[in-house]
Structures are given as structure tokens and as C-alpha cells.
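Take the points in order, with the structure open beside you.

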Amino acid sequence: DWWLGSGIYIKEAGEAEDVAASSYQPPASKEELVAFVEAAASYARIFGRDLATKDFMDLEGPFVRGDVYIFAHDFNGTCLALPYLPSGVGTDRSDLQNSEGVYINREMRSVAENGGGFFEYLWTNPISGELEPKTSYLTKVDDTWYIGAGIYLSDEERATEE
């Protein structure tokens, strides 16, 4: 019924590369994380689950930004997109626990089912190898599936939240 578009004028081809590269920067704050996930949810609602989950798996695409990426699950627990662990797609990951025994995906599903929002937990950062606080933002795409993405919280972000 309606559509929304946006555009910019680019004077030289070199500027186009700079714009494209900067648009793929990983979210660095909770606000940027929300925008990243909500943009992916809009994409999924427009283009459908099959195309969206395929695109979420593309390590070179706009939904993977360094160690921040869109993941997707259905409300039955089945993983639909997990770009750095493609073997997990199609499996039930409801029993995945962190070092504290928290069922991460069950909690995330609950957040998404109840209107979406943030879920904070401890998780091993693959870059540092250390157990670190992480926050994921989750949102329901429709009544059958949800998506999310997470960032590790820096010491500064944790201090401003307290």
C-alpha cells in the first residue's frame, strides 16, 4: 500500500565506496544495535523469511558487521540464521546454556514474545576469549519467528548504566 525510500547524491565513484564501507560498521551502542535489528526486521517483513534468512547468513552482506550479526529463530526453538555457525541452522538450540546455567535462547525467545527488548547475559567473547557481559536486542518479525543481534558491553557502557 505504501513504500519508503531514501537516497544520496555521490559526486565521485570513490565516495560511493566510502559510504558503503561506513554503512557496514558494527553497532557500537545500544541505540545503534536497536536500529540494526529493527532495520533487519523491516527487511524480513518486506522480503519474507526465506530471502531474509538467506541474506542474514551472508558473511559479506549488510547483516553481518564484524562480530555483530543478525540471528534468527522460530518460536519453536529452531535456529533459522546463525552466520558464524551454519551447522546450527535447522537445529533446536533451546537448551544452549551460558556458564551460569542460563538458557540463553529460551530467555531471548521470551523477550521477543513479550514485545521485544534487551537481554543481558554473560558470554565468551570470541575475540578476547574472555567471559564478558553482552546485551542482545530481540524483536518479533511475526507470530512465527524473531531476530536479534548482540554486542559486548564495554566497561564504560556498564558504568553509565549503573
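Before we start, one term: two residues are in contact when they have heavy atoms within 4.5 Å of each other.

1. **What you are looking at.** This is a predicted model. The chain has five helices and seven strands, arranged along the sequence as α-α-α-β-β-β-β-α-β-β-β-α. Of its 162 residues, 38% are buried. The chain exposes about 9700 Å², and carbon and sulfur atoms supply 51% of that area.

2. **Links across the sequence.** Take the contacts between residues at least 6 apart in sequence: 50% of them join residues at least 24 apart.

3. **The largest core.** Nonpolar side chains in soluble globular proteins tend to be buried together. Here, the largest nonpolar core has 20 residues, and Phe56, Ile70, Trp145 and Ile147 have the most contacts inside it. At least two residues of this core come from each of H2, H3, E4 and E7. The largest share, six residues, is supplied by H2.

4. **Phe56 and its partners.** Which residues does Phe56 touch, leaving aside its neighbours within four places in sequence? The list is Ala40, Tyr43, Ala44, Phe63, Val64, Ile70, Ala72, Ala81, Pro83, Trp145 and Ile147.

5. **Helix H3, two faces.** Phe56 belongs to H3 (residues 49-56), where Ala52, Thr53 and Asp55 are buried along with it. Viewed down the axis of H3, the buried residues fall within an arc of 160°, so they line one face of the helix. Asp50 and Lys54 are exposed, on the face turned away from the buried side. The buried residues of H3 pack against helix H2 (30-47) and against strands E1 (64-65), E3 (71-74), E4 (79-81) and E7 (145-152).

6. **Helix H4.** In H4 (residues 104-113), the buried residues are Ile104, Asn105, Met108, Val111 and Ala112. Down the axis of H4 they fall within an arc of 120°, so they too line one face of their helix. As a reminder, an α-helix has 3.6 residues a turn, so residues three or four places apart point the same way. The cover over the buried residues of H4 includes E3, E5 (117-124), E6 (131-140) and E7.

7. **After H4.** Look next at Gly115, which follows H4 and has a positive phi, near 100°.

How values were computed: Residues are numbered from 1 along each chain as its sequence is written. This is a predicted model: local features need pLDDT of at least 70, side-chain atom pairs count only at pLDDT 80 or more; totals for chains, interfaces and linings use all residues. Side-chain values use heavy atoms; hydrogens and water are left out. Buried means under 20% relative accessible area, exposed over 50%, partly exposed in between (1.4 Å probe, protein chains only). Helices (H or I, at least four residues) and strands (E, at least two) are DSSP runs, numbered from the N terminus. The arc is that of the directions from the helix axis to the C-beta atoms. Accessible areas come from the Shrake-Rupley method with a 1.4 Å probe; for residues, only the protein chains shown count as cover. A nonpolar core is a set of buried Ala, Val, Leu, Ile, Met, Phe, Trp, Tyr and Cys residues joined through side-chain atoms within 4.5 Å.
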